[in-house]
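Colleague: I would like to learn how to read a few features of a model. Please give the general idea each time, then the case at hand.

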Amino acid sequence: MADIIQQGVQGRDHTVRELFGKQYVLEYYQREYTWERRHVVELVNDLASAFLRDWQPDHDRLQYVNYRPYFLGPFVCHPTGVKKNLVDGQQRFTTLHLLLIHIERLLIEQGDIDTANMVGGLIRRYAGGQHHYTIDVEERRECLEALRAGRDYDPTGTTVSVQNLWHRAQDIAGALPEALRDECLPIFADWLADRVSFVEISAADRDLGWEIFETMNDRGARLTSLDLLKSFLLSRAGREQAQLDVVWRKMLSDLSEFDDRQVPTDFFETLLLARYAAADGSESEEISRAFHEWVRKSPDRVGLKFQGQDYCDFVRNVVVPSSGQYCQLLKAAKSRKLGLEEVFYNAANGIDAQYLLIMAAVREDDAQNDFQQKAKLLASYLDLVFIVRTVNNDGAVQSQDFLTEVYRLLPVVREASSVDELRKLLGREAAALPSFSAVRKLSLHNNRRQIRYLLARITAFVEAECGRPDLADAYIGRGIDGLETPWEIEHIWANKYSLHIQTGVANERDFQAARNRVGALLLLDKSDNASFGADRYVDKLPIYFSQNLLAASLNPACYKRKPKFRKFREKYGLEELFSPFPGNFDTHAIDSRAELYQRLSELIWDAESLGFLKVKTLQQGAGKTAQRRKTHYGIQVSDLMRSGLVTEGTTLHGELKRTGQKFRATVQPKGRIRVESGEEFGSLSGAGAAVQGLGSCAGWDFWHIIDAQGERVSMASIRKIAIAQGLLEQTEKSSREGGQSLPVEPLPDLGSQLETFNQKHETVLIEADLAPLIRLPMASAKIKAAAHRTDLENFADVFDRAFQAGVEDWAMANPAFLKKFMDEEEFRSELTGISRSYAYVLLRRG
């Protein structure tokens with residue numbers, strides 16, 4: 001190190017907190033920010049995975065210091081006065097800067113101002129009477145200010161670098177996993193600041209910095225895994241080395257036509273993971289780090305048992321034809337190809353894991369028709385999963401979530417050798433997915449990208465079915481390589497409550513909720529949307545008529561002299577669902593349009609239309625289906641339900657502290673959360689963010705229940721009890737050991753039973769009072785175990801005494817009820833029996 005320092009070069013590792021408290025400038029040759037969506041998504045996924053592998057829900061704020069660190073590589077700079085000139089590394093620096101801006105915004109929404117201020121200090125600093133961004137480039141300032149403030153920004157007319165900056169910021173917002181937008185966000189911010197690091201290579205001056213930059217990027221390039229794999233394979237191929245070298249070069253040339261040096265490496269990693277590596281993804285890091293070494297250590301796993309012909313055959317008959325298939329997939333992802341449209345749609349939605357799944361199913365010797373059918377089937381299934389999760393408000397729609405889904409399917413897809421076997425497999429998988437009924441209550445919140453995709457597909461479907469050009473790719477926008485769609489979501493209701501008092505909404509809050517329902521949304525050209533978006537509905541109606549047919553169908557004129565539109569409605573039985581709204585568009589109209597959108601979705605993503613073998617019901621043993629994994633990190637509400645601490649029907653309460661606004665929700669089967677609008681969500685954070693109209697929410701802290709004493713108990717506190725008592729481990733162990741769950745028994749109707757009970761005994765006990773009293777004994781590990789191991793009669797031995805003790809404590813504030821409960825045996829026995837049956841079935845269902 002001493003010699004290096006003497007030559008004017010220093011190297012030292014620094015955390016993000018240390019580096020981003022300084023200020024950097026860029027030379028003009030380094031000014032452009034060029035990273036594409038896949039680069040920023042990969043960085044966000046890597047950081048999220050590195051953090052979440054150590055974080056646990058019961059960790060406090062300080063435990064992050066013991067988490068494993070993450071290294072972001074070296075960068076080169078040299079001093080320029082009090083600032084530093086960033087010679088190399090600005091792509092990573094800029095992307096991390098954008099991520100910090102997004103995190104700051106989310107922290108502010110969560111009300112964590114202290115942590116937000118900490119992150120804000122990494123984004124910009126105050127000196128010389130003004131604020132300076134960490135990467136100080138004047139042309140970026142307006143864009144960065146808009147991002148920090150959460151304002152919309154139109155990058156049209158700005159430099160390519162600024163346009164890319166804005167688009168990549170949207171990609172980061174979409175790629176951040178839902179788990180990180182919950183309670184762990186402040187801890188993630190601390191970890192990012194103190195456990196993520198770079199190595200700073202500091203040169204004495206500009207010339208030396210440039211020399212180092214050239215050396216790192218141009219001279220003496222190290223051999224890559226690709227080079228080393230070629231050397232390993234060809235050196236053992238015997239006499240055909242020269243011919244194989246020609247074949248290899250041609251293959252690399254074909255893979256390199258996508259103007260991305262990473263594509264050949266991506267191909268080999270995908271091929272090995274898809275067909276040869278452990279199907280659970282456990283070897284993905286090893287292969288990503290050095291796939292040549294993985295092949296060298298275990299050549300027999302790829303069929304390389306003997307030197308000579310095995311190696312020749314592997315290159316000629318496996319690698320080369322597979323690379324051709326991979327190239328076809330990449331081309332289909334770039335622009336929509338007939339027969340492979342869903343590959344394009346998945347690429348637009350960031351589902352890059354589709355290549356892994358498709359390459360696992362196809363064989364190198366597949367006929368072109370078989371290859372295309374397999375690719376279409378699997379891409380269609382992932383597209384179906386994406387849209388079903390979207391309409392059901394399942395937050396698992398990021399690229400990392402689909403990697404989990406792909407590894408779940410990988411073992412059974414590898415075994416499906418034919419197109420017919422794949423159709424049967426995917427038919428069973430599709431039958432297990434939720435329906436599209438949730439479309440009726442679906443609304444726009446922090447799911448704008450997904451809602452735009454839904455609107456794009458149904459808009460394009462109506463157009464194409466009526467003989468017009470299929471503009472799905474234009475409506476969607478590529479969303480990749482920096483290209484952005486000119487089409488935007490249009491609210492049929494202008495954002496003025498005063499214009500809609502007569503539409504059936506009682507207040508501003510209800511107005512905003514109704515305005516954002518999917519039935520009140522369209523997809524229009526951006527320029528049209530901007531020009532009349534604030535107009536009254538009656539003034540918009542003539543303009544809608546000149547737009548796509550889905551928008552035009554609001555106007556009565558659309559139903560005259562349009563025979564193709566009429567035949568389309570007749571073909572699919574849509575005559576009643578398609579109807580005009582000539583004078584007023586009220587809440588009933590929104591309901592009607594939502595029903596129409598549901599039916600259109602069912603037509604587009606119909607299992608048989610997608611090529612799957614339709615399965616009416618899933619019967620045990622009716623065919624191999626991949627075991628479903630959790631798609632979220634950490635503990636879910638469904639885990640608490642299995643442990644008996646939370647039950648179906650539990651009422652949740654939330655409050656926005658700065659305004660005092662209150663919200664209610666109820667726990668639904670499988671731990672889903674239904675808010676007051678009727679819309680359901682897959683997580684507490686998703687439900688909390690939606691009702692508040694925010695991008696993030698610490699859902700476990702936001703939502704509370706009211707216990708038997710009338711006290712507010714946060715869901716985080718209930719989860720803490722479950723962790724402390726080991727209940728989650730017990731239910732997980734029971735699930736693993738038991739294999740199949742117990743037969744589902746009908747849950748008693750507690751409300752009806754109480755109504756009969758009250759009439760008989762002349763009491764006014766309500767479900768909201770009784771349910772918490774039932775849940776108290778259900779928290780006992782002994783009682784939970786008894787529900788699974790004994791019949792109802794024996795279950796009474798452990799449940800009844802605990803339940804009655806809880807009732808006695810609760811009734812201390814109600815002497816009349818307490819006296820009746822203590823003195824009247826029939827009263828006490830019947831109430832205990834109702835509660836016992838309900839608890840028994842609920843615990844067994846969990």
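This is a predicted model: local features need pLDDT of at least 70, side-chain atom pairs count only at pLDDT 80 or more; totals for chains, interfaces and linings use all residues.

Colleague: Which strand pairs with E9, and over how many bridges?

Modeller: Two strands pair if DSSP finds at least two bridges between them. Strands (E, at least two residues) and helices (H or I, at least four) are DSSP runs, numbered from the N terminus. Here E8 (residues 487-491) pairs with E9 over 5 bridges, in the antiparallel sense.

Colleague: How many residues of strand E9 are buried?

Modeller: Buried means under 20% relative accessible area, exposed over 50%, and partly exposed in between (1.4 Å probe, protein chains only). In strand E9 (residues 521-525), 4 of the 5 residues are buried, so the strand is largely enclosed by the rest of the structure. For the chain, 54% of the 846 residues count as buried.

Colleague: Is leucine 271 buried or exposed?

Modeller: Leucine 271 is buried, with a relative accessible area of 1%. It is found in helix H12 (residues 263-275).

Colleague: What does leucine 271 touch?

Modeller: Contact means heavy atoms within 4.5 Å. Not counting residues up to four places away in sequence, leucine 271 touches Tyr276, Ser322 and Met359. From leucine 271 to tyrosine 355 the C-alpha to C-alpha distance is 9.1 Å, although they are 84 residues apart in sequence.

Colleague: At what angle do helix H17 and helix H20 pack?

Modeller: Axes are lines fitted to C-alpha atoms, for helices over the stretch in contact, and angles run from 0 to 180 degrees between N-to-C directions. Helix H17 (residues 368-391) packs against helix H20 (residues 448-465) at about 115°, with the axes 10 Å apart. The residues in contact include Phe386 and Ile387 of H17 and Tyr453 and Leu454 of H20.

Colleague: Where is histidine 97, and what does it touch?

Modeller: Histidine 97 lies in helix H4 (residues 90-110) and is buried, with a relative accessible area of 3%. Leaving out residues up to four places away in sequence, histidine 97 touches Phe20, Leu122, Ile123, Tyr133, Thr134, Ile135 and Leu144.

Key
Residues are numbered from 1 along each chain as its sequence is written. Side-chain values use heavy atoms; hydrogens and water are left out.
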